[in-house]
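Please open the model in the viewer and keep the selection tool at hand.

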Protein chains: 2
Amino acid sequence: MEQIKIILASKSPRRRELIELMGLKCEIMPSDAEEDNNQKIKLVKLSESLSLLKAQDVFDKTSGNRVVIGSDTLVCVNGKYLGKPKNREEGFKMLKSLSGNTHKVITSLCVIIEKDGEVKTYNTHDISKVTFLKLSDETINNYLDCGEYQDKAGAYAIQGRSGMFIKNINGSFASVMGLPTHILYEILKKENLII
Amino acid sequence: MEQIKIILASKSPRRRELIELMGLKCEIMPSDAEEDNNQKIKLVKLSESLSLLKAQDVFDKTSGNRVVIGSDTLVCVNGKYLGKPKNREEGFKMLKSLSGNTHKVITSLCVIIEKDGEVKTYNTHDISKVTFLKLSDETINNYLDCGEYQDKAGAYAIQGRSGMFIKNINGSFASVMGLPTHILYEILKKENLII
């Protein structure tokens, strides 16, 4: 197994946590790439492009042998895309639309690796389906009170308190949390960068 | 919403964590009920009975208005039941049998509630399917080195480092972690003990 510097092009503490859970150390370097969510592009392509933008931005600002990891998560319900809620009211609407419903979580991953002058780019995605229990307005409001919805795509956190509202997940827990670690693992394994 | 004492009949830190994530406070009181895993009984019935035994044991030792929660997790692969590995060698064998395979996780829940002299018992289960990536012997040995496999049914922890080996989960993440919080939530909601 080779040792190489790993840079996570994200400021998400959840993504960092997931990488550390893999037994890896990483540097954090948030990307300046704009999250310009043009709805006209297909969501999967959009998400892959966003993860590529983030990784490429950080890759271009760094040098030497390194792995740069970019990721992006989109929530999609009834054909509508949900980003991060701007305020509590929007958070309420998002959770209302998830209540009693199954939604998709699209998580993209971009890994750019430079090893001895050679550069390789992996850009892929993972889709999970998440089914929520039916939630009353009172329950949603009580959940919003705890503040967890802030800065979360779809206004919830699968690894947090809202976990109890989730009846079923079909896909990868880590992907819904923000980083498809099983895919990252396979890429790093192929590149002989993890055991 | 009523206030009532909640007692968790388990010493599992994961179950406690999941209850705290629900925004609830609980007392811990491990059960003395023997985990006598008679393979002749059907696994689901066995798991439900074990959770009932644990909750009943603690319920009988306590008094007053209270909720006692017992739970049990079994892992089942190729029709074979996997408990907690006794040693590293058994852990290796378990992970080898999970590698590249889909297994079932049966998690049972027993909730005994006493409110003003009236006692109600809920006893149910949840089944999730978990698919592992194909793992090399080297990868399994490296994972065993980190010690996470100890005291875990099936020798892995979905919320831990082995999360990266999980390609897919179809079911509840919390159930695989050890407690079906979505079911517990619905019971407490019905009993007006949570918002």
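Predicted model: local features only at pLDDT ≥ 70, side-chain atom pairs only at ≥ 80, totals over all residues.

Contact here means heavy atoms within 4.5 Å.

**The interface as a whole**

Select chain A and chain B together. By the contact criterion, 29 residues of chain B touch 29 residues of chain A. Every interface residue of chain B, 100% of them, is also an interface residue in chain A, so the copies meet through the same surface.

How much area is buried between chain B and chain A? The value is about 2500 Å², and carbon and sulfur atoms give 58% of that area. Which elements of chain B supply at least two residues each to the side that touches chain A? They are helix H4 (137-145), strand E7 (166-171) and helix H6 (181-190). E7(B) gives the largest share of this side, namely six residues.

Colour the side of chain B that touches chain A by residue class: eleven residues are nonpolar, 13 are polar and five are charged.

Next, display the polar atoms across the interface. Twelve residue pairs are in polar contact between chain B and chain A, both residues being at pLDDT 80 or more. The count of salt bridges between chain B and chain A is zero.

**The strand pair and the axis**

Select strand E7 (residues 166-171) of chain A along with E7(B). These strands run antiparallel and are joined by three bridges. Within the pairing, A:Asn170 has B:Asn170 in E7(B) as its bridge partner.

**Strands within chain B**

Move to strand E1 (residues 5-8) of chain B and strand E3 (residues 66-77) of chain B, which pair in the parallel sense over four bridges. Select B:Ile6 to find its bridge partner in E3(B), B:Val67.

E1(B) also pairs with strand E2 (residues 27-28) of chain B, in the parallel sense and over two bridges. Here B:Ile7 stands opposite B:Glu27 in E2(B).

**A charged pair in chain A**

Side chains of opposite charge can pair when their charged atoms come close. Over all chains the count comes to 22 salt bridges. For one of them, select A:Asp72 and A:Lys54, whose side chains meet at 3.3 Å, N to O. The pair links distant parts of the chain, 18 residues apart: A:Asp72 lies in strand E3 (residues 66-77) of chain A, and A:Lys54 in helix H2 (residues 43-60) of chain A.

Methods. Residues numbered from 1 in each chain as written. Chains lettered and ligands numbered in written order. Heavy atoms only, no water. Buried area = accessible area lost by both parts, 1.4 Å probe. Salt bridge = Lys/Arg side-chain N within 4 Å of Asp/Glu carboxyl O. Polar contact = N/O pair within 3.5 Å; in protein donor to acceptor, adjacent residues only side chain to side chain. Nonpolar A, V, L, I, M, F, W, Y, C, P; charged D, E, K, R; others polar. Pairing = 2+ DSSP bridges.
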